[in-house]
Amino acid sequence: MAANNQTTKTISIDKYGIKNAKVNYQLSAENLHQETLQKGQGKEANSGALAVNTGEFTGRSPMDRFIVKDKITEDKVWWGNINIPFEADKFDALYDKVTNYLSEKEVYVRDSYACADKDYKLNIRVINEYPWSNMFAYNMFLRPTDAELEGFDPEWLIVNAPGFMADAAVDGTRQHNFAILNFEKKIALIGGTGYTGEIKKGIFSALNFILPVFKNTLPMHCSANVGDDGETAIFFGLSGTGKTTLSADPERKLIGDDEHGWTSENTIFNFEGGCYAKVINLSAENEPDIYNAIKPGAILENVVMDENGDVDFADTSVTQNTRVSYPIFHIDNIQEPSVGKNPKNIFFLTADAFGVLPPISKLTPGQAAYHFISGYTAKVAGTEAGVDKPTPSFSACFGAPFMPLHPTKYAEMLSKKMKDAGVTVWLVNTGWTGGPYGVGSRMKLKYTRAMISAAMDGSLEAANKDNYHVHSVFGLNQPRTCPNVPSEVLSPRGTWNNDEGYYETAHKLASSFKTNFKKFEEYANEEIMAGAPLKG
Ligand code: ATP
Ligand code: MN
């Protein structure tokens, strides 16, 4: 259970260049919660959860994420506007400035680790300027036992100073905030932003390099759970497509909600020790597991509450990206440790705001590779901007911003693993039905859940054997019937009541797929190219 590591021990961090700091080492979540309140950096919601505002940044800043170009990374990283190079001496200079800034201050230090499979454990020491950021690290990373803490040997170091502002002209950053990975020194340096997601995604990006390059393991931006039958399912998808929501299923044990590795020993494991759920429009009725996880120990981010500590989850005045982090044991039904065997089913989640992709379809191996490399979802403009046109968004491997290697490296590993394991791959549209964003509505969560259950228990396949309908534009195999889902929902065209509009929009999306895929064509074989949309 929860290793609280309440300890009176302290450590010196002078060797990191942080001199004469008042070190709060390994404080319990409870203490960090109280410290945050005392410092006026947060409030308590009536659920008992801590509520904080992350400040200027309420989301990650991909344009300010750098990787130091060094002997380890220079020939391996896929450099460009996703993996932006940073000079090693600029890093050293900036590191000195940040550690200097933290010197003499009160800081929060936590020893933790990533990777739930003991053979892949990555020890991490986190140094935070703020207590709530350190509590986030407690929630999201794995918690060492007291025995593991004895003689803890940190491998990676995270230095997190939200209050430090870089001087772009001098420091080599784009602006005042930055998240920089240094593989030679094994440091993630984060400054100028209080958004906690940078902390977890920094280590995710590091593992996305380390695991495939050194450990023959495929890192994946996916959630995972396991049924009573011991069968694992994994759910890939970009932000907001439903990884966290759909993996929290009372009928199945949660393995993890966002980041996993698939080993060469036919197992998968969670990188993390907690969940980081979106809470926009959260309701106890639709998402009871997540709702009930919001209790003492959880940290709500950027939500709005009244003077009684009642949170209004519909209020997006701070951001649409309101969040809660909690340790995984806040969910009732979890797999311990967070490890599973080869997946039997893989779901690619997409929130298609054009409302043209079928709510579920079964992919051929070629389509699976094509859709993995494409990594499609749609972005809908914030309602406050008054723009209601969705735009297609393609992010290779359903997580390009976190992938230091060329996307085809991950795609090749996934294709091989899927074939070896005999996995069934499904594309699930958790987005719009009955028309595009602005006209139709979001797919009902209970229908998506029913489709996924039916795919997993075999009843979807049994009901449709040899009778999938091939979509005339996307070439996808659409089931005609699904237990507990009205059949009309399964045909997006039918839900539109406007064939002409439907096909026009479907063709447009299909051609966006094709345009996006051009840059990958030279790496793709015939089988993968046959997975492309048929028209467009
Ligand atoms: P991130 O990578 O940012 O953590 P995620 O893939 O985990 O994103 P979720 O946090 O699960 O995404 O967000 C999905 C959001 O969409 C939730 O707010 C959920 O309530 C909402 N939603 C509405 N309808 C559906 C549906 N049919 N399936 C899944 N999610 C839905
Ligand atoms: Mn999530």
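## A negative patch on the surface

Asp-306, Glu-307, Asp-310 and Asp-312 come together on the surface as a patch of negative charge. Keep in mind that this is a predicted model.

Take Asp-310 as a way in: this residue sits in the loop that runs between strand S19 (304–305) and strand S20 (311–312). With a relative accessible area of 41%, Asp-310 falls between the 20% and 50% cut-offs, so it counts as partly exposed.

## A buried bridge and its network

How many salt bridges does the structure hold? There are 19. One of them pairs the side chains of Glu-272 and Lys-200, at 3.1 Å from N to O. This pair ties together distant parts of the chain, 72 residues apart. Glu-272 belongs to the loop between strand S16 (267–270) and strand S17 (274–278), while Lys-200 is part of helix H6 (residues 197–214).

Are Glu-272 and Lys-200 buried or exposed? Both are buried. They also belong to a network of salt bridges that links them with Lys-201, Asp-258 and Glu-259.

## Bridges within a helix

Other salt bridges stay inside one helix. In helix H10 (residues 407–421), Asp-420 and Lys-416 are four residues apart, about one turn of the helix. Their side chains meet at 2.7 Å, N to O, and both residues are exposed.

Lys-508 counts as exposed because its relative accessibility is 55%, and the cut-off for exposed is over 50%.

Note on methods. Residues numbered from 1 in each chain as written. Chains lettered and ligands numbered in written order. Predicted model: local features only at pLDDT ≥ 70, side-chain atom pairs only at ≥ 80, totals over all residues. Heavy atoms only, no water. Patch = residues over 30% accessible without salt bridge, like charges linked within 9 Å, V, L, I, M, F, W, Y side chains within 5 Å. Areas by Shrake-Rupley, 256 points an atom, 1.4 Å probe, with all protein chains shown as cover. Salt bridge = Lys/Arg side-chain N within 4 Å of Asp/Glu carboxyl O. Lys, Arg positive; Asp, Glu negative; His and termini not counted. Charge placed at Lys NZ, Arg CZ, Asp CG, Glu CD. Helix = DSSP H or I, 4+ residues; strand = E, 2+ residues; numbered from the N terminus. Buried < 20%, exposed > 50% of the residue type's maximum accessible area, 1.4 Å probe, protein only.
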